[in-house]
Amino acid sequence: MAAAFRKAAKSRQREHRERSQPSFRKHLGLLEKKKDYKLRADDYRKKQKYLRALRKKALEKNPDEFYYKMTRVKLQDGVHVIKETKEEVTPEQLKLMRTQDVKYIEMKRVAEAKKIERLKSELHLLDFQGKQQKKHVFFFDTKKEVEQFDIATHLRTAPELVDRVFNRPTIETLQKEKVKGVNSQTRLKQIAKERQKQYNCLTQRIEREKKLFVIAQKIQTRKDLLDKTQKVKVKKETVNSPAIYKFESRRKR
């Protein structure tokens, strides 16, 4: 009984797949259904129409005419290849952009900014190498005064202290008060070395904060590009700045 039921099911499946046809032409194979033929014929006609349009466009093309696509397309072995523009991203930036989210990058940037402010408040940037040097301008009435000018005498300080930008006491102060603090040259050199180390750390943190800011901007730009709003590229992407796009203005509902 079960075997008869399986045979009946198989025969029904075969009848469903195949179109009924005379027994004398079964050796020719399956008889195609009309809907399958229509689909195949429509696809063939669509491709032939597209080929005729391309052939006509190629015949009517002016070889001396300039196309903007020519600037980024070249011919290799008879095939048109579009030049891919390389992203202006360093390997470190690319690694961070692929693995981290914009919120995490912004959090790290804010943490670096706070550390920078704390270091600046401790060091006061008095003799920071990256700081722009200030100028002190003196005015004179005659050329003779310019020739006889002595900066140590004018500032009333010792010649050894002229180059200092801070802690530059006058001669009167040096005569009245005793020198306070460290007097040993070894200790002074050690203090200067520690201060320079802190300034180097500050410089590195400032550079890191700038890089994190650029990375956060690039990630945000890539997220904004997912929007389907029409946009125009205004400025290309560089290592130190993201690409700038101008989006079509839309009225908020």
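**Charges and helices**

Modeller: Gladly! K57, K61, K69 and R72 form a positive surface patch. This is a predicted model, in which local features need pLDDT of at least 70 and side-chain atom pairs count only at pLDDT 80 or more, while totals for chains, interfaces and linings use all residues. Residues are numbered from 1 along each chain as its sequence is written, and side-chain values use heavy atoms, with hydrogens and water left out.

Biologist: Why is K61 called partly exposed?

Modeller: Buried means under 20% relative accessible area, exposed over 50%, and partly exposed in between (1.4 Å probe, protein chains only). K61 has 49% relative accessibility, so K61 counts as partly exposed. This residue is found in the loop between α2 and β1 (73-76).

Biologist: How do you know that the span of helix α2 agrees with its number of residues?

Modeller: Helices are DSSP runs of H or I with at least four residues, and strands are runs of E with at least two, numbered from the N terminus. The expected span is 1.5 Å times one less than the number of residues. For the 27 residues of α2 (residues 34-60) that should give 39 Å, and the end C-alpha atoms are 39 Å apart, so the two agree.

Biologist: And is α2 largely in the open or buried?

Modeller: Of its 27 residues, the number buried is one, so α2 lies largely in the open.

Biologist: What makes E106 and R109 a salt bridge?

Modeller: The rule asks for a side-chain nitrogen of Lys or Arg within 4 Å of a carboxyl oxygen of Asp or Glu. In E106 and R109 the closest N and O atoms are 2.8 Å apart, and the pair forms a salt bridge. By this rule the count comes to seven salt bridges.

Biologist: Which network of salt bridges includes R109?

Modeller: E106, R109 and E209 are linked in one. R109 and E209 meet at 2.8 Å, N to O. That pair links distant parts of the chain, with R109 in helix α4 and E209 in helix α8 (residues 185-224), 100 residues apart.

Terms used: Patch = residues over 30% accessible without salt bridge, like charges linked within 9 Å, V, L, I, M, F, W, Y side chains within 5 Å. Areas by Shrake-Rupley, 256 points an atom, 1.4 Å probe, with all protein chains shown as cover. Lys, Arg positive; Asp, Glu negative; His and termini not counted. Charge placed at Lys NZ, Arg CZ, Asp CG, Glu CD.
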